Each structure stands twice: as structure tokens, then as C-alpha cells.
Amino acid sequence: MLKHETWHKFGRNKLSMIRVTNLKKAFGAIRAVDDISFEIPDNQVFGLLGPNGAGKTTTINLIVGIINADAGSVAINGENDPTRTHLRRRIGAAPQALAIYDNLSAEENLAFFGKLYGLSGKKLKERVDWCLDLAGLQDRRRDRVGKYSGGMKRRLNMACAIVHDPPILLLDEPTVGVDPQSRNMIFDRIEMLKNDGRTIVYTTHYMEEAQRLCDRVAIIDHGKILAEGTIDSLIETHGGMGTVNAELELPVPENAKLPAELNENRLSFESSQPLQDIAALADAGVKYRSLRVERPNLEKVFLNLTGRRLRD
Amino acid sequence: MGAMFHLAIKDLKLLWRDKVGFFWVLGFPLLIALFFGSIYSGAGSATARSMKIAVITDNMNPTVQSFYDQLGKSDVLVLTPMPLDSARPLVAQGKLAAYVQYIDSSKSAFDMFSGHKPHIKVGIDPSRKAEAGYLNGLLNQAFFMQLQSRFTDVKGWRRYLKDQRQSWDSIGTGWNSKLGMDFFEKLDGVLESAEKIDSAYAMKSDSASDSVSEKNYSPFAALDVAYEDVAVIWAGPRSSFEITFPQSLQWALIAAAAAFSLSIVTERTRGTFLRLRIAPISRMQILGGKGLACFIFCVGVCSLLMAVGILIFGVGVASWTYLILAILAGGICFVGVMMLISVMGKTEAAVSGAGWAVMLVMAMIGGGMMPLMFMPSWLKSISHLSPIKWGILALEGSIWRGFGFGEMILPLAVLVGVGVVGFIIGTMILSRSDG
Ligand SMILES: Nc1ncnc2c1ncn2[C@@H]1O[C@H](COP(=O)(O)OP(=O)(O)OP(=O)(O)O)[C@@H](O)[C@H]1O
Ligand SMILES: [Mg+2]
């Protein structure tokens, strides 16, 4: 179903598709991006996870070269200046703000952006069709975008970034303000796009999204990358211990040594090996009424790194 | 170039779909042209209602006088008696619609019944076909009325018969029978003429409305109208619409500049501008596309408005070449104005507020509201600062001022200059503000 001619023409010769080195950008006193470096290997989904104002959008804008860095460099497939025409043709970006024309239909929006990338004729028609399928907007293709729901606009906003079939995709918060159904659809599409062999940068402040979609995640705050790696490695290094919450049958046998004080019948403790601890207590005769084990997640990672939650 | 073209097409499509915006660029200017056009002209079209003509007084006699008197009875004609030498230049300048000269070489007023043909010379611009036909009808009517008054003038008849008898007497008796025959022949001729007049009169009252505009209508074969072509060099607007249509074009340009400058800001705030900048096209192509769309739109709307003015409201064109140049230069000028306005703020409200404020002042001092000729002189000198003044001047130069190349070049150069400088400055500011 998906074909990528441009993709193969790209001539991938480097292991990292996007490499960002010591990138800096300040707006007056605000250091929006403050010495950021990362590398994204080919065909991976890379997440930039951070709260509002962390510098995610600024990083994306620096990668596509529409704002100039104060310092540092960006390399796309080993080439330095991302504003070069042949590199631009291979990058698709869905801006955080809905960058589509309300007074044009979905079809017209897609065709217009396609033409800017040099598509025409049958090829353009095919790509527009493909994108309408991707966005699930075939039946509304001729309606003005102004009449679409927020979710439909979001999907079109993403589709407009893919109309020229780029091997590199930058998606800036593609799920803002959409209902769970549209969101799931967007996730499916992103997974599909990744399975096609694309390299995707995905920014979000939802850790569930990063956890579901991303191969690697950089946690970013105040313009700095606090930690970067696969989800598992991040949780392992920064997630801390798991949490056990239990309600016990009273009385508790006297020989059982509880790892924390009882609060009425409730027991809550942190552990690096929660399952073993639970089993040991059961062996000592402790009876559980209810039991909940929380594994550390990216939210916990962020909390541990910054002392703050991702969203307030 | 291809990308610029796609960008321009997109912008034109967007504007076309914005019906309210469209009213401001097309409907509103047209309303201005019509509203002020009819206010300035009093009630409706001035040209159709009264026609100012000169009657030539070079060879006056009672017959000529009585013809002019008859002609003056028409409500449509305003007559000014003057010699031919004064009349011709006035017609050439468009200040008078035509001149009429009644040439009568008969000795007696009653000679017209004796096979003697008076003739009338009309000097009129060959392009004024409708007026010429109209005038012809009025001339025939006056001539006929003059004849009719002769018939009922019994005193005149008796004087005529007496004159005739006297002339027989002087010739001598030998000829009496021959002259008597002559007299009866003449009388017969008169009666024949009267018959013709009667039937012609009946015809005329049947089809009065048609006959006046019919050039060849001639109730009396004796009336011989000769036309002299006096090509008009316009020295003033022929109607108020020739003043208000150039103004209306300026309003269309203002509205177009407002709409397109707003569309630049909207693209910036909405983020579509960002998507354009990510695309493999240069910034010059993006802004060039905007400029191109604005230019095409300006020229299109101006042409449409002018077509309405020319075809429906009788606006004349002295030079088509200059009219086309004036419209093109106006378009270029407002592309520059549009770019300058688009960088006057970062939000839609700021730009649209600033844009209209600037352009209203420009229109006010440039003669877009009140025609320059009605303005106090101090305001007239300030008006040089407004591109609107130059736009109107260029259009008027091609419509009724009859400008030559030397006179056209200044307003055209100012318009193109404002356009180019505005575009360059606007582009520079826009590039800088994007970081
Ligand atoms: N054009 C600009 N001018 C001035 N300051 C800016 C500009 N763009 C971004 N900033 C500032 O830079 C910082 C980072 O902004 P950025 O948009 O990159 O954050 P973000 O991570 O994308 O946030 P969000 O999740 O809200 O989109 C913020 O403090 C912001 O106010
Ligand atoms: Mg952002």
C-alpha cells in the first residue's frame, strides 16, 4: 500500500539521519534551546518529551532551518545545511499550530502543498489520495477545512506534511486537542509511517504517547536535555523503585517484618524488587485484601529528574 | 516561477471564497463610483438631458433667426449664439456638444416654397453618434415648425403675393399669361408642400420617440443637413462618472491591498507561512507569489470596474494605451503598499487597523474621497504625497485629460516607484522579523 520512491533515492550513507550538535538558541533573555545534542538513527521514532515552554518547537524549527541557531549545528543525513532544496524535499513537518487553509478543502490543501514540492499530474493525484486515506478524510475531501472538527484538522495538518512522501517526518504535538478516537488513529498512522522506513521526530508532553510510540526519548526542560535513551533504559536509570500499595487482613502476624509503618490496614512502600518483597511477606503469613504494584514510568522519570510533574 | 504561480492561484482562490472581502474590493468601490457620480451630476446623467450647442451667427437674417428661435424652444437644447470661429474650438474642447449653422441664401422667407433649399451645417465629434442623431431629429422638428408657422402667417402670405404681383407688373404685360401660369404653378407647389408637411406631421406624432433618434428622419425633403467632423480633444470630464470611476478604482486597490496584507499576517499567525518556508521554495518566491496574486487581483478588479464605467456609464477613453498603463502601474504601486502594510503589525487586528488608517488618510489627501479640483490649495499640495493622487491623475490622463506621453510619465513613474520601493522595504522588514 505504501511506496517510497524518494526514500530510496535519498542514498542513506550515514547511520544517523538527524544529528544535532550543541545547538543553542535564545530569544532575548530566554534560552529556548540551551546546548542540545542528540542523534537519531535511521528508521526510528525519536520523542522529545517536555512540558510547555521546554524548547521542543524551537528545536524542530532549528532542525528544519527556519530559524537560525546562535550556536551548534544540524546535520541531515550527514549534510549540514537543512535549508538546501534537496534536503527540504526530504523533510516533512507538521507544525504545532494548524498550518492549513480554512477556506480550501482537504483535497485543495494537499494539492497545493504537493505542488510546492514539485508534484503534478497523476503523481500528485495519487499522493493526495494516499494522504486522504491516511487522514481518514476521503468522504470529506471536498469540504472546506473551516467546517472540520479539531481532530479532522489535526489529521489533515499531519497529512499535509507527508504529501511529498518525505523519509524524514517532524511532528510537533500532533495530538493536541483531539479526542481519544482521533488520537488512536493518529498513533496507528504514525506506526504505519514508521514501518514504512521513515525517521520520525515526535514532540509531546504526554508521556503515554512517548511510551507507546517512541524508540528513543529525550526528556527536555528549560532548553536542556535532562536524559536520553530508550524508554526501558530511562526508566531503569531514572525511574527509581516500584511502588507497592496493599490492604492487609488484620491482625498481621507478629513475626512478619513490614517494610513500612501500617496506616490502619494500608501498607505502602517502595522497592526495587516489589514482587519478591510481596512474596516474602505472604510466606510470613501476611494476607492481602488488595494489592497494587506500580512500575516506574516516564512520568516518574521526569518527576525524579526535575522534581516537577510533566503537566500541572 | 511555477511555485510563485501556485502560491498566487491559492491566494486568489482564498480571496474569491471570502465573500465579505470581495464586497470591499468590488462592490464598495462600485457603489462609491455610482453614488458620488450621481450626486455630482445633479439628477442622473447630465449628457442625455441637456445638450449645449452653439448656433452660428455669421450670416444672420430673419429666416435664420426664426429657425434658431424654433430650435431654442426645445427643452433639451441650450443654445449659445456665437460666430463660427468661436464655436469650433469650444466643440473641439468638449465644452459644447455641437454647433449648428443655418445657411439661408434666399431673399424672402417665403422662398423656401419655391424650390429653394436651405441647408444646415452641424459640427460634432464623430464619436458622438447618439447625440448627432438626436440633434438631427431636433433640427428637423425645428425646421418643420418654422414652415408650419409660415403657413398660418396670413399677413406674410399676402405680402408674398403682393411682391409677386409687383414683379409681374415690372416685367410687362406681354409676359402676363406666362407669369400667371407660373404663379399658379407656384401656388400648386405650395399646396403640394403643405400636403407633404401634413402627412409628415402625422407620421412624426405616430413615432415621435423613434424619430428623434433616427438620423435619417427628415419630414421635409428640403432640409439638407451637412456634418462637419470636429474631433474632440477632451478638456474636461464629460460626466461626473469620469471623475468617480478613477476614484472608485483607488478604493478597489485600497481594499485589495488591505485584503492581501491581512492574508500575509494571517498566514504568519496561522502557521501556514511556516509551512511555506519549510517547503523547497525561496522566501522571494513566497513573497513574490503574494505580490503576483495582489497584482493580478488589482489589475483584474480595476479592469472590471473600468469596463462597467465605459460600457454602462459612458466613461470615455482618450487613450487605451495609457489607460492600460495606468491600471498596470496602479497594480504595481499597491503591491508595494500591501507589503508595507503587512509589516505594520504582528496581529491581524494591528495590521488591518493600521492598514485602513494609513490608506484612508492616503485616500483623503489624494482625492479618493473629494475630487482634487474641489480641494483647498494647501491640501492640493499635500496630495502629492499620496499615491492615490498619482493613480487618479494617471487614469484621468488617459480618460479625459488627454495627456501626452510627457504628462503620463510622471504619475506612472511615481506609481511604479512606490510599488518597487514598498515591496523591497516590506520584504526586508519581514525577513528580519522572522529571525
Ligand atoms: N519567537 C519567539 N520569540 C520569543 N520567545 C520565544 C519565541 N519562540 C519561543 N520562545 C520562547 O522559547 C521558549 C521555548 O518555546 P517553545 O515553543 O520551543 O516551547 P515548546 O516546548 O514547544 O512548548 P509547548 O509545549 O508549549 O509547545 C519559551 O519560553 C518561549 O516563550
Ligand atoms: Mg511547541
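**A buried strand, a metal site and a cavity**

In this predicted model, strand S3 (residues 45-49) of chain A pairs with strand S7 in the parallel sense, over five bridges. Within this pairing, A:Val45 has A:Ile200 of S7(A) as its bridge partner. Between S6(A) and S7(A) the chain passes through helix H7 (residues 180-195) of chain A. This β-α-β crossover is right-handed.

Strand S7 covers residues 199-204 of chain A, and six of its six residues are buried. The strand is therefore largely enclosed by the rest of the structure. In a regular strand, side chains alternate between the two faces of the sheet. In S7(A), A:Thr199, A:Val201 and A:Thr203 point one way. A:Ile200, A:Tyr202 and A:Thr204 point the other way. Residues of both sets are buried.

Chain A has 312 residues, of which 52% count as buried. Its C-alpha trace spans about 80 × 45 × 35 Å along the principal axes.

Another pairing in chain A is antiparallel. Strand S1 (residues 16-27) and strand S2 (residues 30-41) of chain A are joined over nine bridges in this sense. A:Leu23 stands opposite A:Ile36 of S2(A). S1(A) and S2(A) form a hairpin with two residues between the strands. In this hairpin, A:Gly28 takes a positive phi near 60°.

Chain A also contributes to a metal site. The magnesium ion (ligand 2) is coordinated by OG1 of A:Thr57 and OE1 of A:Gln96, at 1.8 to 2.1 Å. A:Thr57 lies in helix H2 (residues 56-64) of chain A. A:Gln96 lies in the loop between strand S5 (91-94) and helix H4 (106-116) of chain A. The pair therefore ties together parts that are 39 residues apart in sequence. A:Thr57 is partly exposed, at 27% relative accessibility. A:Gln96 is also partly exposed, with a relative accessible area of 30%.

Several backbone features of chain A call for separate mention. Most residues other than glycine have a negative phi, and most peptide bonds are trans. A:Glu173 has a positive phi of about 45°, although it is not a glycine. The residue lies in the loop between S6 and H7 of chain A. A:Glu173 counts as buried, because its relative accessibility is 5% and the cut-off for buried is under 20%. A:Glu264 is another residue other than glycine with a positive phi, here near 55°. Its place is the loop between S10 and S11 of chain A. A:Glu264 is exposed, at 67% relative accessibility. A:Pro251 is found in the loop between strand S10 (242-248) and strand S11 (266-271) of chain A.

About 50 Å³ of space lies in the largest cavity. Its lining consists of B:Leu249, B:Gln250, B:Leu253, B:Cys302, B:Ala326, B:Ile327, B:Gly330, B:Gly391, B:Leu395 and B:Leu415. Three elements of chain B give two or more residues to this lining. They are helix H10 (241-270), helix H13 (320-342) and helix H16 (387-399). By class, seven of the lining residues are nonpolar and three are polar. No charged residue takes part in the lining of the largest cavity.

One further residue of chain B was examined. B:Met408 is placed in helix H17 (residues 405-433) of chain B. At 1% relative accessibility, B:Met408 is buried. B:Met408 and B:Glu396 are twelve residues apart in sequence. In space, the C-alpha atoms of B:Met408 and B:Glu396 are 9.9 Å apart.

How values were computed:
Residues numbered from 1 in each chain as written. Chains lettered and ligands numbered in written order. Predicted model: local features only at pLDDT ≥ 70, side-chain atom pairs only at ≥ 80, totals over all residues. Heavy atoms only, no water. 1 Å grid on protein atoms, 1.4 Å probe; cavity = no way out; pocket = protein on both sides within 12 Å on 5 of 7 lines; lining within 4 Å. Points joined across faces, edges and corners; volume = space filled by probe spheres on them. Helix = DSSP H or I, 4+ residues; strand = E, 2+ residues; numbered from the N terminus. Nonpolar A, V, L, I, M, F, W, Y, C, P; charged D, E, K, R; others polar. Buried < 20%, exposed > 50% of the residue type's maximum accessible area, 1.4 Å probe, protein only. Pairing = 2+ DSSP bridges. Right-handed = clockwise from strand over helix to strand, strands pointing away. Donors = N, O, S within 2.8 Å, 3.2 Å for Na, K, Ca; no water.
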